[in-house]
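I have a chain open on the screen and a notebook beside it. I will write down what I look up, entry by entry.

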Amino acid sequence: MSLGLLGNKIGMTQIFDESGNIIPVTILKVGPCVITQVKTMLSDGYNAIQIGYGNVASKSLTQPELGHLQKSNLQPLKYLKEFRVTNPEDFEVGQILNVESFTAGQLINVTGKSNGKGFSGLQKRHNFTRGPMTHGSKNHRAPGSIGMGTTPGRVLPGKKMAGQLGNKVTNIKKLKIIQVNNDENILVVKGSVPGKPGNLLSIVTSN
């Protein structure tokens with residue numbers, strides 16, 4: 001697995017390339033993240049590192065969370081996330097990870113929670129085609145038949161129906177890094193990423 005970092009979405013804008021073409025981009029504030037735990041095949045059964053992001057007050061964490069961080073003499077951190085690695089011996093607790101791990105032109109995968117759109121109908125949620133809008137039609141945006149009348153005579157699990165749209169973990173793959181600002185820990189990524197400005201994101205290099 002590829003090494004990843006945590007960050008926040010700042011917002012979208014547009015920039016111009018050398019040819020004068022407009023490129024829609026998203027600005028990401030990434031890290032710095034601190035390694036809070038190193039897991040190995042010998043001690044945990046798999047190789048991984050746990051990273052922390054976002055400083056908070058001690059009162060914002062539970063006693064087990066505080067104890068886990070204090071064991072390594074680390075300050076309270078709001079978010080913890082684990083990433084599988086091939087060589088855990090290359091990392092140590094307390095090590096700082098930042099955008100220097102990324103380079104312009106590199107492809108990344110960005111994971112975050114998408115915008116919640118509330119209760120939505122079939123046309124918006126599943127791209128259903130609406131019924132005829134002519135006089136006499138009673139099937140404009142109705143779902144139609146959702147099951148059979150004979151055996152098994154029930155609505156089968158997984159049937160596409162109206163319901164909650166958005167507000168779920170979404171992964172956008174192979175986004176191209178346009179610029180890297182090491183001083184401000186900023187990534188400029190081509191295209192859009194999930195969520196609103198301020199949304200927590202997981203950024204992993206694409207295989």
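**Entry 1: a loop residue and its contacts**

Which residues does N185 touch, not counting residues up to four places away in sequence? I note first that I am working from a predicted model. I listed the contacts of N185 and found L28, K29, V30, G31, P32, N98 and V99. I then looked up where N185 sits. It is in the loop between β10 (169-181) and β11 (186-190). Is N185 buried or exposed? N185 has a relative accessible area of 12%, so I put it down as buried, the cut-off being under 20%.

**Entry 2: the barrel**

Next I traced the strands around the barrel. Six strands close it, and I read their order as β1-β2-β11-β10-β7-β12. The pairing is antiparallel. From one strand to the next, the twist averages 50°.

I took the pairs one at a time. β1 covers residues 4-16 and β2 covers residues 22-30. These two strands pair in the antiparallel sense over nine bridges. Which residue of β2 is the bridge partner of M12? I found T26.

I also checked how β1 runs into β2. The two strands form a hairpin, with five residues between them. In the turn, G20 has a positive phi of about 90°.

On to β2 and β11. I counted five bridges here, again in the antiparallel sense. K29 stands opposite I186 in β11. K29 is also one of the residues that N185 touches.

**Entry 3: the open sheet**

I moved to the other sheet. How many strands form it, and in what order? I found four strands in an open sheet, ordered β5-β4-β3-β6. The pairing is antiparallel. The edge strands are β5 (77-84) and β6 (96-97), and each pairs on one side only.

I looked at the β6 side. β3 (residues 33-39) pairs with β6 over two bridges, in the antiparallel sense. V34 stands opposite I96 in β6.

Then I picked a glycine in β4. G52 is found in this strand, which spans residues 48-55. Which residues does G52 touch, leaving out those up to four places away in sequence? I wrote down C33, V34, T36, L77, Y79 and L80. I checked one of these by distance. The C-alpha atoms of G52 and C33 are separated by 5.6 Å, although the two residues are 19 apart along the chain. The relative accessibility of G52 is 1%, so I count it as buried.

I followed the chain to A57. It is found in the loop between β4 and α2 (63-70). At 41% relative accessibility, I count A57 as partly exposed.

Most residues other than glycine have a negative phi, and most peptide bonds are trans. I looked for departures.

N73 has a positive phi, near 60°. I placed N73 in the loop between α2 and β5. With 73% relative accessibility, it counts as exposed.

K174 also has a positive phi, about 55°, although it is not a glycine. K174 lies in strand β10. I read 49% relative accessibility for K174, so it counts as partly exposed; exposed would need over 50%.

Which peptide bond is cis, with omega near 10°? I found it from T151 to P152. P152 is found in the loop between α3 (122-126) and β9.

**Entry 4: the second largest pocket**

Last, I opened the second largest pocket. About 180 Å³ of space lies in it. Which residues line it? I listed S114, N115, K117, R125, Q164, L165, G166, K168, T170 and G195.

I sorted the lining by type. One residue is nonpolar, six are polar and three are charged. Where does the largest share of the lining come from? Strand β9 (residues 163-166) supplies it, with three residues.

Methods
Residues numbered from 1 in each chain as written. Predicted model: local features only at pLDDT ≥ 70, side-chain atom pairs only at ≥ 80, totals over all residues. Heavy atoms only, no water. Pairing = 2+ DSSP bridges. Axes fitted to C-alpha atoms, helices over the stretch in contact; angles between N-to-C directions. Buried < 20%, exposed > 50% of the residue type's maximum accessible area, 1.4 Å probe, protein only. Contact = heavy atoms within 4.5 Å. 1 Å grid on protein atoms, 1.4 Å probe; cavity = no way out; pocket = protein on both sides within 12 Å on 5 of 7 lines; lining within 4 Å. Points joined across faces, edges and corners; volume = space filled by probe spheres on them. Nonpolar A, V, L, I, M, F, W, Y, C, P; charged D, E, K, R; others polar.
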